[in-house]
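Good morning, colleagues. Please turn to the structure on the screen while I speak about its salt bridges.

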Amino acid sequence: MRYAAFLAGIALLGWAQTPAPLDRWALYAKAGDSLIGPLPQLALIPGNWQTGYFYLPVYAILHDQRGIDRWRWEVWRKEWWSSRPYMVSTAETLWIDRYTLYRPSEGVEVRLWLFAGGDSVASSRVIFPTQSKVTTSAMGGAFIACAGGLARIVVQDMHQDVARVQVSVEQNGQVYASTYLDRPGFWDFPAPPPGTYEVILRPVVRSSVPFEYPPDRSSRLVVLDPQAPGRERPYSFLAAPACPGEPVSLALSWKEALSPLPTEPPRWDLDGDARPDAQGWTLQTSFPTPGSYPVYVQLSLPGGCELKDTFHVQVEDPTPPSMSVGMRGTYTLGTPVTLQVTRWKGLLSCDMEDDGSWEGKGILPPLTPTGRPQLPPYTFRTAPPSSQGYPIRLRQEICGRVYDTVLYWKPDSVAPPMPQGTLELDRPPRCAGDRIHLRLESLTNFSPGEPGYWLNWQLNGQWLGYTTRTETTLTWTGTPFSVACLLITPSGRSKLVGPLSVTPSAGSHLWFYPVKACNADWCPDWDVALCSGTRIALVLPEKDQHPTGVWRLVLPDQTVEWPLSEAPDTFYYTLPPGQDAYLIESYLILPCGTFRSVETIRTPGGYAGRPAAYSAEAGCTPHQRLTVCPHENVPLFWDYPVENGAGGLEGVRWLYADGSPAEVLLHGPWNFPQLLAPGQPGTYLLYQIWENCEGRQDTQRLTLVVREGEGAYFTLPEEACIGSPVEVRRLSPTAFRGPVAGLKWEWGDGQLTFDTTRVLTHLYERPGTYRVTLTTASGGCSGSLSRIVRVLEGPPRLKDPLLRPQGLTLHFETGLTGEGQVVWDFGDGTTQSGLQGTHTYRQPGIYTVRLRATNSCGEDLLAREVQVWNERDQGPWRAFPNPASQTIWVEVPLQDEGTCTLLTPDGREALTFPVRPGLNPLALPPLPNGLYLVRCQGKNYTGTLRLQIVHP
């Protein structure tokens, strides 16, 4: 056995000298070791990752191995569309020059074929590139410092393959200061003398391969002279266009990642007299007339340097501009069209065809790249009503004033729309008998299934007949064919889509991929970010395409296979511990051949970099404040989260300083999460906690400033009446804190009003319940409030009440036409609301009962008298016996009538008779002496009268 040393001490694997010809066992083993392939150790020397290329030298002792006739290298890259090796070489030493790797963390597969006599064997190894990506927060810009103060350099990103980086501040090759950082962060040091210095980054990569990485010289350090005012800008100025006479907010945002914070807040000179008028990071002021006003700012840096700058605030001219509408491209009748507006100001709304529908309400920035707002897509169904074209009403609100303009747009063509569509093949076939699924996609101006819309499929030039089906499944016979589809519209116009050639995919990539099963708050669906012990899902999408075959998975610790008819849709597998790289092979064994796919998963060891660092896209640097609106969705961007943090990824959490979890919206594993900002204004400290496979955490701090939302407060009556204006009174201020956009009132009946006055009225035409909404928009923030109003048709109307006294208790009931509140006044000082109920009086007597029904439209009143009594006393009905004539007299009050029943002393009913108001005589047969009862039932009275009969 002999070994050779290459690449400055890297031991490369050799293997035993054996008599020629070599047999298969000799190709797979060497003395003392078993099952080790003949591929030697591979050494990778990458270039700078920012160039997008790397270099791969591979050395092997091949030429003097007895029995080996020849060899061949194959380099396979990991793009799914690749069906052939990226590179094939028969050289003794493999050198891959300027290889483009789109997903470097997946690695590249290198295969070595050895040929000995009539035998051959292949061995493969997956190589991962080593990257040297390190960046500062001043990429392409400059750090700012003052001589005599502290200078600050911030390393923002550091790839996981970088063990540490040497940060050096140099001028003309002379080093002024240098340090090493093993992770991104701040480096503060005494500032050098005034001048411009290079900030040079020299990464030290986690690799045993000696390689001199090119230094990064993309950043500078500018050191200011305390005796000369500087105009460097480690800050940004924020001021929105204002309206004449209205307050506007001015703000200066300091970039702490470029320079230490000044010793005191900035000083503002608003009138140009060289004397400070205000001091602070923010202030409010106003300007009387339209125009551009200069604002002068002065800051003091640690060390005594002064920064002076001039900004301009634009005050809007309330005069509306002369607008026009237009578009680019071809237009056909019945297709959506998006128009652009030129010379636009304020808040814009549009009413296409000027029919009162207002398709676009309150169009605000951001603008399109052309600087012109786009109106919402709209479809014109009929030709222009006149030679002028389609009328379009545009409404602008500028500084609280509303202007309406009607413009006309005339298209170049109003021809009937031409149908469009594309033919798509799910997957090309591999073997005869495979199922082929074809479908029509992206159909425009075509509605299959509706009257007059037909399709006709064509296979190899033959028409299959009219249908409305937009997809079909065919069986592959092994012979290539073409397919097309004719789209026919009710107008008679037609369009042939295709033809699409269907050919076998014997050499195409096998569709197979692993998916991480996320159990944390958030984790990316990246196979390169997996930890040992992670559960992954292995999916073969084309399983149902083949009627027969076998799916085999060669896993790091096992091999499993199923017939395709029994194969699971998803196979779950847990990565075994103790490996830095995993190789998963998928085999699709079909009657026409075997197809193979290799997936590599890397679990990097150690810890380097800062995965939780936010990127510049998030609008903040590691310690910069981020200002947002209440309840705003804030994307949580970071730079290359997996590449920048070694050790893999277990999950990410977000917590506020008080320990409460932040509300984060997760739209999907491939999208960055979005933080839902708190609804209450204030300053919040947010921590993003990134945990890797080793259990280590990286915490990134973000100061979140939630500004006050635009006030949208107003009063509204609960009820209103048709014909009477509904008054709303706005309580929110008119002094906005950002770009003045205006106020929008939505009345719930389809009407819309733009008005900034304090008191507004609106007239409803129909009864019902309406939601009134006030929306304010300013400076990127908005406020909205909704209230409900019930609109009534008129005053309520009471129905005749039913009053039924029973002793001292009164049963009452009434009806109501329309809406309203009913209140009963019982005449004894007590009241009660409702349509029905009972009331008990304290004393017997005659009472006047009054009813009152009210709503916002008016009222209705009624009054009735009622008599109540004690149960033991004679009621308002009375009975008298006349023993001489055998007559009973029943006295009934004038307002009552009903029936009476005579009960014998033993409780039997003797007879029943009607009674009317006044005296009611009833002649009876002779009755024995005794106590008789007369049970009476009237409209207002129910009771039992006693009748004592005593014959003389």
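I shall go through several charged pairs in turn.

Please bear in mind that this is a predicted model. Side chains of opposite charge can pair when their charged atoms come close. In this structure there are 24 salt bridges.

Let me begin with Arg-233 and Asp-309, whose side chains form a salt bridge with an N to O distance of 2.6 Å. Arg-233 sits in the loop between strand 16 (216-224) and strand 17 (235-239), while Asp-309 belongs to strand 23 (residues 306-315), so this pair ties together parts that are 76 residues apart in sequence. How accessible are the two partners? Arg-233 is partly exposed, at 46% relative accessible area, whereas Asp-309 is buried, at 6%.

I turn next to Asp-426 and Arg-439, which meet in a salt bridge at 2.2 Å, N to O. Here the loop between strand 32 (420-425) and strand 33 (435-444) supplies Asp-426, and strand 33 itself supplies Arg-439, so parts 13 residues apart in sequence are tied together. Asp-426 is partly exposed, with a relative accessible area of 35%.

A further salt bridge joins Asp-569 to Lys-543, with 3.3 Å between the closest N and O atoms. Both residues lie in loops: Asp-569 between strand 42 (559-563) and strand 43 (570-574), and Lys-543 between strand 40 (535-539) and strand 41 (550-554). The pair therefore ties together parts that are 26 residues apart in sequence. Asp-569 is exposed, at 53% relative accessible area, but Lys-543 counts as buried, at 10%.

Thank you for your attention.

Note on methods:
Residues numbered from 1 in each chain as written. Predicted model: local features only at pLDDT ≥ 70, side-chain atom pairs only at ≥ 80, totals over all residues. Heavy atoms only, no water. Salt bridge = Lys/Arg side-chain N within 4 Å of Asp/Glu carboxyl O. Helix = DSSP H or I, 4+ residues; strand = E, 2+ residues; numbered from the N terminus. Buried < 20%, exposed > 50% of the residue type's maximum accessible area, 1.4 Å probe, protein only.
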